[in-house]
Amino acid sequence: MLDSALVDELSDEDDAELETLEWTVDAEDAKARIDKYITDRMPEGISRSQIQGWIADQHVLVNGQPVKANRKLAEGEQVIVHVPGPAATELQPENIPLDIVYEDSDLIVINKPSGMVVHPAAGHYSGTMVNALMYHCTDLSGINGELRPGIVHRIDKDTSGLLMAAKNDKAHASLSAQLKDHSVTRKYIALVHGNVEHDHGTIDAPIGRASQNRKMFTVTEKNGKHAVTHFAVNERFGDFTIVELRLETGRTHQIRVHMKFIDHPLVGDPMYGRVRAKASFVKGQALHAAVLGFVHPTTGEYLEFHAPLPDDMEQELFALRNR
């Protein structure tokens with residue numbers, strides 16, 4: 001089994017979780033009903049009636065105490081939501097096509113399309129990669145629990161590219177340990193705004209939750225976790241740049257936050273990008289997990305896999321090169 005520290009480390013990998021959300025009520029939200037306040041801050045697919053159910057089940061606390069759905073908030077109050085996950089019995093195998101790059105009795109490597117959620121969470125209980133894996137594989141590791149069978153690491157819903165999943169606990173422990181000691185090769189290709197002047201560089205800046213919006217992350221010394229991203233320029237277009245990024249750590253939204261921090265946000269990023277700058281072809285953020293390399297947990301052989309850019313990013317690059 002994995003120790004708790006390793007599980008905590010893995011929980012920071014790439015994709016933001018919704019298990020616990022916290023807010024401090026601003027003056028403009030004073031006197032708002034708690035159920036409406038929370039609904040306005042949740043992703044699509046979570047209804048006000050769902051929020052009311054969470055409140056009734058005491059998953060919502062105000063200043064550490066359970067409340068009723070009609071409770072009016074006051075400025076400065078602390079709101080905490082412990083988002084309930086789907087019951088394991090609700091998870092069903094689904095016949096969703098997978099782009100399988102590699103598979104053996106220990107693990108499977110998938111080229112995930114943009115738009116697919118990796119594992120079930122609030123608002124996304126079906127149509128995930130886990131549902132697809134449950135249909136394709138009868139053997140997935142149980143280290144991360146019944147809701148995330150086989151999942152070793154994650155990438156954002158709207159990021160495409162390579163992911164590995166484990167078919168047994170031994171393989172899962174080995175792959176997770178490699179992630180923890182930063183020996184896994186993870187390279188991303190991104191299209192970013194602006195002209196990145198330096199041919200290569202390193203962004204070493206801690207990342208934590210944004211105080212004003214708990215769904216977002218930011219560079220911060222306060223409760224920030226160590227985060228390092230290396231970048232190299234592949235191609236410049238004047239107002240856009242294609243960069244290759246190598247993750248040394250794996251914090252939630254790390255690449256997206258770091259590129260915004262150096263004033264070169266990802267094209268098409270709905271959360272950290274430039275609101276008025278719309279991409280012609282890119283759906284979601286222009287970020288692709290292009291290279292994944294690791295030591296095989298049984299054979300000891302180093303394996304490295306490459307996934308070509310998705311069609312929408314290729315179309316965007318073609319348009320930039322021919323404008």
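Start with the open sheet: four strands in the order E1-E4-E2-E3, with antiparallel pairing. Strands here are DSSP runs of at least two residues, helices (H or I) runs of at least four, both numbered from the N terminus; two strands pair if DSSP finds at least two bridges between them. Select 20-24 and 65-66 to see the edge strands, E1 and E3, each pairing on one side only.

Before going on, note that this is a predicted model, where local features need pLDDT of at least 70, side-chain atom pairs count only at pLDDT 80 or more, and totals for chains, interfaces and linings use all residues. Residues are numbered from 1 along each chain as its sequence is written, and side-chain values use heavy atoms, with hydrogens and water left out.

Now pick E2 (residues 60-62) and E4 (residues 78-82): three bridges join these antiparallel strands. Show Val-62 and you'll find Val-79 of E4 opposite.

Next, select Trp-23 and Tyr-37. They make an edge-to-face aromatic pair, 6.0 Å centre to centre with 90 degrees between the planes (ring centres of Phe, Tyr and Trp, its six-membered ring, within 6.5 Å; planes under 30 degrees apart are stacked, over 60 edge-to-face, the rest tilted). Trp-23 sits in E1 and Tyr-37 in helix H2 (residues 34-39), so the pair ties together parts 14 residues apart in sequence.

Move on to the second largest cavity, with about 40 Å³ of space. A cavity is a set of points on a 1 Å grid over the protein atoms alone where a 1.4 Å probe fits but cannot get out, and lining residues have an atom within 4 Å of a point. Points join across faces, edges and corners, and volume is the space filled by probe spheres set on them. Select E8 (185-193) and E14 (287-295), which each supply at least two lining residues. The lining includes His-153, Arg-186, Tyr-188 and Leu-292.

Conventions:
On a 1 Å grid over the protein atoms alone, a cavity is a set of points where a 1.4 Å probe fits but cannot get out, and a pocket is an open set with protein on both sides within 12 Å along at least five of seven lines; lining residues have an atom within 4 Å of a point.
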